[in-house]
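Here are my notes on the helix packing and the chain contact. Please read them beside the model.

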Amino acid sequence: MTSVKTRVFLLAFGGVLVLFDVFLWLRGQYRLAIPLLAFCLTLPALIVFEWRRSGARELAAIAVMTGISVVGRVLFAPLPGFKPVSAVVILTGLSFGPLAGFMTGAATALLSNFFFGQGPWTAFQMLAWGAVGFLSGLFARSRLRRNPLLLLLLGVIGGALFSALTDLWTTVAATGTLLPAAYLTFLVSGLPFTLLYAVSNVLFLLLLTRPILRKTDRLKQKYGLFA
Amino acid sequence: MTYADRLHPLTVFAFYCAILVLTMTATHPVALLSLFVSAVLLRAVQIGVKRTLAGVPIALLLLLSVTAINLFLVHRGAKILFFLNGKPITLEAGLAGVFSGLMILSVILFCACMSRSLPGDRMLSLFKRRLPRLALLLRMTLGFIPRMRTRYREISDARGALGLSRGRGMLNVLRARLTDLSILLTLTLEESMDQADGMRARGYGLPGATRAVTEPRSARDAILSVGLVLLLVPALLPLFTGRGEWNWYPLDRSALVPDLFLSLSFAAGTAIAVLPILLEGKETLKWHILRSRI
């Protein structure tokens with residue numbers, strides 16, 4: 001259980017960060033304001049995860065899914081843009097719900113960047129993967145869960161979101177502003193990569209959905225996880 | 001053991017956060033240049049001159065591409081170099097690009113230095129106090145990763161030896177790898193449940209738990225923190241007052257030489273970045289002297 005003191009501290013910390021971000025935004029300091037905004041957007045989920053009462057088994061299950069996606073990212077490191085991370089995150093969301101999906105995505109970005117290099121882009125990757133995990137988690141109890149069309153859609157959204165957010169960082173880092181023309185140029189020039197992300201997500205989902213969902217469903221049933 | 005290892009992680013983290021905020025909000029070329037030089041020096045102190053210089057080609061590539069992006073996408077500025085498709089290519093945009101490139105390089109370098117001064121586990125211990133569940137999750141995962149990588153190799157070796165993952169072509173290789181990954185998931189998920197039960201048996205989640213303090217604070221931390229705050233106030237003044245904000249469009253050459261207020265502020269900002277160089281450099285120097293005597 002989180003104590004009142006810790007709760008007040010976290011809320012105050014988040015509040016100060018948001019205020020600082022607004023200030024930077026008004027000053028036109030987009031280079032810092034935008035990565036900070038991305039980080040601020042991940043904060044609510046992190047805090048809710050902290051405050052939710054859930055057991056050690058749930059924690060362990062999320063840790064394993066995160067581990068799998070980090071290992072997957074490292075394993076496929078030689079192939080640029082071709083990573084099973086989004087697929088694993090989407091499947092975690094579909095199995096364990098929105099919060100677990102978000103945490104797996106965000107934690108994967110944070111931890112795998114210990115291997116690939118941390119930087120302001122970590123915030124965008126955390127947000128992109130977290131958001132796609134959260135979105136998938138909304139369908140965890142839905143009958144559409146194994147619908148190939150839904151999986152296709154989630155894979156494409158995952159790829160597009162990742163590109164859109166990381167290009168946001170490239171734009172603001174390179175030009176210091178949010179010039180729409182520059183952002184558009186990056187999006188268009190990054191289109192082959194976006195396509196590769198989307199296609200690889202769909203391919204990985206195609207190959208991984210059946211085995212992973214079978215395992216997580218069995219786990220949920222056997223241990224009564226995320227009930 | 002570097003100097004940063006002997007400090008409380010929060011002190012190190014605060015220093016790097018301050019440096020990164022200063023770098024990412026710096027607009028004046030003098031400030032950007034001095035921060036860039038400090039970043040290169042700090043990296044050189046940490047990993048050696050030779051390995052730092054090995055990064056020059058990729059850094060140049062980044063610098064060139066950022067400059068090109070600005071040249072061809074930003075059409076503001078008075079000094080027109082030439083026209084391309086009827087759009088002006090200006091000197092100001094090029095210069096802005098060069099300094100944007102330097103800023104990005106400094107951020108990348110400082111981030112690399114930060115991961116070296118504050119490796120994963122020490123970074124995690126930062127939010128152990130206020131976000132214990134998150135810290136535990138990340139720590140558990142960090143524990144899983146090396147085990148999983150070893151186990152993955154065992155699985156793929158075993159399956160390879162049994163002839164189960166043979167087959168040519170991209171799709172077959174991919175399918176074999178994903179099957180290995182899937183087997184890895186089965187094994188670790190089941191194992192992690194045992195680990196979770198072990199945690200519960202040892203009292204995880206019971207009320208009244210206390211925290212183990214593994215990172216003691218020393219007087220050094222106190223001194224450095226006070227110093228950081230004292231330097232940070234003047235260093236952040238331009239950001240908060242809006243004075244001395246550099247503008248490439250239009251370019252005002254007379255503003256290139258900072259006035260006294262800005263000079264002092266830049267000096268304070270650079271001092272924050274130089275302090276780690278001195279502290280780490282002292283250790284490196286000492287190490288070399290001691291080693292050569294043995």
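1. Domain bounds here come from an automatic or database domain assignment. On that basis chain B is divided into domain 1 (4–121 + 239–293) and domain 2 (130–201). The centres of domain 1 of chain B and domain 2 of chain B, taken over C-alpha atoms, are separated by 40 Å.

2. This is a predicted model, in which local features need pLDDT of at least 70, side-chain atom pairs count only at pLDDT 80 or more, and totals for chains, interfaces and linings use all residues. Residues are numbered from 1 along each chain as its sequence is written, while chains are lettered from A and ligands numbered from 1 in the order in which they are written.

3. Confidence next. pLDDT is the predictor's confidence in each residue, from 0 to 100. Chain B averages 87, and 98% of the residues score at least 70. For the complex, the predictor gives an ipTM of 0.92 and a pTM of 0.91. Where pLDDT is low, the predicted coordinates should not be read in detail.

4. Now the interface. Two residues are in contact if their C-beta atoms, placed from the backbone, lie within 7 Å. By that rule 50 residues of chain A are in contact with 51 residues of chain B. On the chain A side, the elements giving two or more residues are α1 (4–27), α2 (30–51), α3, α5 (98–116), α7 (148–175), α8 (180–189) and α9 (191–223). Helices (H or I, at least four residues) are DSSP runs, numbered from the N terminus. The largest share, 15 residues, comes from α3(A). By class, this side has 33 nonpolar, twelve polar and five charged residues. Ala, Val, Leu, Ile, Met, Phe, Trp, Tyr, Cys and Pro count as nonpolar, Asp, Glu, Lys and Arg as charged, and the others, Gly among them, as polar.

5. How do α3(A) and α7(B) pack? Helix α3 (residues 56–75) of chain A meets helix α7 (residues 132–161) of chain B at an angle of about 50°, with their axes 8 Å apart. α3(A) is therefore oblique to α7(B). Angles under 35 degrees count as roughly parallel, over 145 as roughly antiparallel, 65 to 115 as roughly perpendicular and the rest as oblique. Axes are lines fitted to C-alpha atoms, for helices over the stretch in contact, and angles run from 0 to 180 degrees between N-to-C directions. The residues of this contact divide into 14 nonpolar, three polar and one charged. Among them are L59(A) and V71(A) in α3(A), and F144(B) and R149(B) in α7(B).

6. Within chain A, α3(A) also packs on α5(A). Their axes come within 9 Å and cross at roughly 45°, so the two helices are oblique to each other. Contact residues include I62(A), S69(A) and R73(A) of α3(A), with M103(A), L111(A) and F115(A) of α5(A). The classes are nine nonpolar, five polar and one charged.

7. Helix α6 (residues 121–137) of chain A packs on α7(A) at an angle of about 160°, with the axes 9 Å apart. α6(A) is therefore roughly antiparallel to α7(A). This contact has 14 nonpolar, four polar and no charged residues. W121(A) and F124(A) are among those from α6(A), and F162(A) and W169(A) among those from α7(A).
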